[in-house]
Amino acid sequence: MKRRFLLLAGLAGGLLACPSSLLASADDSCSPAWRLDGRDLGCNSRAALAPGNDTRANLLLLIRDRAGVETAGLAYPKAEWEERGYGRTFFDWKFLTATYYPQPEEGMETPDFTGSRCVSLTGTNGTFEAALRAAKGLSDGERSGLTAARTRLAQVCREEGTLAPWPDVSSAAGQEFLAYLKAAEAFYGAKWPDATQGFAALAGARDPWIKETAIYMTGRTALNVAQDQAFDDWGGFAGKDKIDQPTVQAARKALEAYLKAWPKGRYAQSARGLVRRTMWLSGDLAGLAGEYERAAGLVDARKDAVVTLVDEVDDKYLMSEGADGTATGPLLMATHDLLAMRATGGDGAPAKPFALARLESQKAAFAGHEDLYGFLLANHAYYVAGDMKKVLALLPDDARRPSYTPLAFSRQVLRGMALAALKDPNTAGFWRELIGGSAAMHQRPLAELGLAMSLERSGKLADVFAPGSLVQDPTVREVLLGLSAGPDVLRAVARDTARSDHERDYAVFALLHKQLSRGRYAAFAADTALVRKGATTATWFYRFETQDEVPAGVFVRGKFSDGFACPAIAKTAQTLAASPNDPTARLCLGDFLRLNGFDNFTDLDTRPDPGELGGHANQFPGKPIARSAIYAAIMADRKAPAEARAYAMYRAIACYAPAGYNSCGGASADTAVRRGWYNQIKQEYPASPWAKKLRYWW
C-alpha cells in the first residue's frame, strides 16, 4: 500500500508535515543574546516585532494585533530546561504558542492515522451514520449492514488482510452508499483509478450527503494522484519536478467547483486548505499569498488553529524561493519586509540591502494600517539606515498607555532603542513609563530589560537592585548579578530576605567566587557568613539561571582536601590574606577549585558583547587565577617546601590527564615541558608520595 501516509486530509489546512526553514526557527539548544534589538536570527524571539524574530512569531503577533486578542487570564507555561535561560523576556516558537494556546497538562490525544490521509476517518463515523439515518429509502437492515461495512476503511488503513464483507443492498439509496464506500476504500488504499471513477460516478447522486462528499473527494483524489510519485514510503519529498502538474490543475478546478457549490459546506475549510496546496505544488506564490492573507484575516486568533495556519504560511510561502515581493496584503507584506531587513552578514547589514524606495512603493497597500506602515519605515531607519533621529520622528512617544497591543508595544520598544542609541538622558524614564502599561505576556520583561540596560550604561547599576526597583524579572537581575555587579550590590542582595533564595544564592555565589578567584581573600573569609544555611552544594556549574538551585553552599561545605592536607577553604583564605604567596595555602586553594568543579567555569567571567545586558558595567575588575598558574609559580619557587613543589608538579602533570589537554586553565605547556616535569619529580623527589603515585605523563 505504497504512499498511503502522504497527504493529510486537508482538514488541518493542507499542511505538509515538513520542518520549517532554519530561516524561521532557530536551534533550541542555544542561549539568547540578552539585547533589545532583533537584528539577526538567533534562537529566540521577543514580544516586539523585529527582523530577527522567528517569522512565525512576527506573523502570529500581527494576526493577534489585528484581531485585538487580549492575554488576560493567561499564565506562562512551565519552561523546558533549554528554555529556562530565556527567562520571560525571550521565547522560542514552542513556548510562545504554549503561552497563548495552553494545552491540558497531559497533552491532547493524538488522533488515529495522524500524518496520513486516513486521519480523516477519525471521528467521522457519526457523520456517516447521520447521513444513513437521514437517507430515504433505506431499510433498517441496509443501514446496519452499511454501518458495519464502513469498518473496511479503517481495516485498509491498518493494512489488515481480512476485511469485513460488503453488505447486500437492493435499494437505490443503498446502492449509492455502497458505491461511496467502495470508492472511499479505493482512495484509502491508493487505488487511484478506482477511486477517481467511483467518486465521479456519484457526482449526480440523489442523496445530498453523498453528492457533496463525492464532489469534494473527486478533487482530493486528483491531488493525491498528482503528487503520488513525489513522495517515498516515509514521506520524503522528491521535489516539484515529480508532480503531475496537469492533474494538480484538475484537482484545483474540482476543489474550486466544490467551494463554489458549497461555500459553507462541511468540507469547505479542508477544500480551501487543499486549494492552497495546489497553489504551492504548482508554484503559484502570488495566488498563495492572496489566500494566506484572506485566511489570516478570517482565522480565530483566540484558538490554536491559528498556529497551524501560521506554520503552514511559513513553511509553504514565507520560506519559499521567489515568494518575496508577491504579497499584496499588509500582514504578509509586513512579515516579508521585516525578514528582508534581517542582518545576515558580519557587518550587521542585510545580505541584500533593503531599499527604502521599495518600502515607499508599498504605501498604498497599507492604507488603513498606517501605524504598521510607519513602524516598518522606522525599522528601516533603525536596522538599515541607522538613522535614530528618523526613528523618533516616525514613532511619537506613547509610553503612558495602560496597555499595549503587540504593534503598539513594538513601536514604543523601537523608540526606546533609538533613544538608547542616541544616549538620550531620558531613556531610563521612558522605559519606566512603558513598564507601567506593558501588561501583555512577555511585554513587561522586555521593557524591564530596556530599563536595566539603560541603568547599567549610565552607571546606575545599583538602582536595578534598590528597594522599589521596577526591574523585577529574575533572569534580567541575575544576568547583571553574575556579570556586572560589584561587592556592595552583591552583599546587599545576599542580605535582602525579601528576595528569592535563588537570587540571594546567586548573589553570594558570584561574590565569593570572584573574591576567591581574584585574590580578595580577607573579604572572602568574612563574606562566607552570608551563605544561607539551606544553600546547596550539589548543582552542575553551568547556567545557574536555568537551574532550580545555585550551589552557594559549596563555599562553606564544599570539598577541600583529598590527600594533600588542607583546612576548610575559609581558613585557607585567611592564611592567604596574611601571606598571599604561602605555597601550601595556594595549593589548597587549587584543590578547592579542582574538587568542587571550578575548572573551566567561566560563566561569570566571560564578558558578553557591549550591546548586551551585562556587557557594559564591570564593578568587579580583575582576572580569575588559573590553577595552572598556581602550580607554575610554586614549581618555579626554589624556596618552597619540597612537599609543596612535588605536589605542584604532580598536579600540573595531572592537568593534562587523560587526553593531553589542559583542564586547569591558563596557558598550556607543550609535551617537552610536561615530560620535564615528570622527570623532575622522579629525580628530585623520588621519596615523595606524589612521585610514587605518578606513573605517566600526558
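This briefing walks through the disulfides, the nonpolar core, a helix pair and a few individual residues of the structure above. Please keep in mind that the model is predicted. A search of the whole structure turns up 3 disulfides, and the largest nonpolar core holds 216 residues. There is also a cis peptide bond, between Ala 657 and Pro 658.

**Disulfides**

- As a reminder, a disulfide is a covalent bond between the sulfur atoms of two cysteines.
- Cys 118 and Cys 157 are joined by a disulfide with an S to S distance of 1.9 Å. The angle about the S-S bond is -85°, and the link is left-handed.
- Cys 118 sits in the loop between α2 (93–100) and α3 (125–134), while Cys 157 belongs to helix α5 (residues 151–157), so the bond ties together parts that lie 39 residues apart in sequence. Cys 118 and Cys 157 are both buried.
- Cys 566 pairs with Cys 588, and here the sulfur atoms are 2.0 Å apart. The torsion about this S-S bond is about -90°, so the disulfide of Cys 566 and Cys 588 is left-handed.
- This pair links distant parts of the chain, 22 residues apart: Cys 566 is in the loop between α25 (554–557) and α26 (569–578), and Cys 588 is in helix α27 (residues 583–595).
- Cys 566 has 12% relative accessibility and therefore counts as buried. Cys 588 is buried with a relative accessible area of 3%.
- Cys 655 and Cys 664 form a disulfide too, with 1.9 Å between their sulfur atoms. The link of Cys 655 and Cys 664 has -100° about its S-S bond and is left-handed. Both of these cysteines, Cys 655 and Cys 664, are buried.

- In soluble globular proteins, nonpolar side chains tend to be buried together.
- In the largest nonpolar core of this model, with its 216 residues, Phe 177, Tyr 317 and Phe 509 have the most contacts inside the core. Helix α6 (residues 172–188) supplies the largest share of this core, namely 10 residues.

**Packing of α22 and α23**

- Two packed helices are described by the angle between their axes and the distance between the axes.
- For helix α22 (residues 487–495) and helix α23 (residues 501–517), the angle is about 145° and the axes are 8 Å apart. The crossing of α22 past α23 is left-handed.
- On the α22 side, the contact is made by Pro 487, Leu 490, Arg 491, Val 493, Ala 494 and Arg 495. The α23 side contributes Glu 503, Arg 504, Ala 507, Val 508, Ala 510, Leu 511 and Gln 515.
- By type, the contact residues of α22 and α23 comprise 8 nonpolar, 1 polar and 4 charged.

**Two buried helix residues**

- Ser 454 is part of helix α19 (residues 443–457). Its relative accessible area is 14%, and since values under 20% count as buried, Ser 454 is buried.
- Apart from neighbours within four places in sequence, Ser 454 is in contact with Thr 427, Ala 428 and Trp 431. Ser 454 and Asp 424 are 30 residues apart in sequence, with 9.9 Å between their C-alpha atoms.
- Arg 143 is located in helix α4 (residues 140–149). With a relative accessible area of 19%, Arg 143 is buried.
- Leaving out residues up to four places away in sequence, Arg 143 touches Leu 132, Arg 133, Ala 135 and Leu 138.

**Backbone details**

- The peptide bond between Ala 657 and Pro 658 is cis, with omega about 0°. Pro 658 is placed in the loop between α29 (642–654) and α30 (671–684).
- Ala 190 is not a glycine, yet its phi is positive, near 60°. This residue, Ala 190, is in the loop between α6 and α7 (192–201).
- Asn 600, also not a glycine, has a positive phi of about 65°. Asn 600 is found in the loop between α27 and α28 (627–636). The relative accessible area of Asn 600 is 55%, so this residue is exposed.

Technical notes: Residues are numbered from 1 along each chain as its sequence is written. This is a predicted model: local features need pLDDT of at least 70, side-chain atom pairs count only at pLDDT 80 or more; totals for chains, interfaces and linings use all residues. Side-chain values use heavy atoms; hydrogens and water are left out. Axes are lines fitted to C-alpha atoms, for helices over the stretch in contact, and angles run from 0 to 180 degrees between N-to-C directions. Helices (H or I, at least four residues) and strands (E, at least two) are DSSP runs, numbered from the N terminus. A crossing is left-handed if the near helix is turned anticlockwise from the far one by less than a right angle, and right-handed if clockwise. Contact means heavy atoms within 4.5 Å. Ala, Val, Leu, Ile, Met, Phe, Trp, Tyr, Cys and Pro count as nonpolar, Asp, Glu, Lys and Arg as charged, and the others, Gly among them, as polar. A nonpolar core is a set of buried Ala, Val, Leu, Ile, Met, Phe, Trp, Tyr and Cys residues joined through side-chain atoms within 4.5 Å. Buried means under 20% relative accessible area, exposed over 50%, partly exposed in between (1.4 Å probe, protein chains only). A disulfide is a pair of cysteine sulfur atoms within 2.5 Å.
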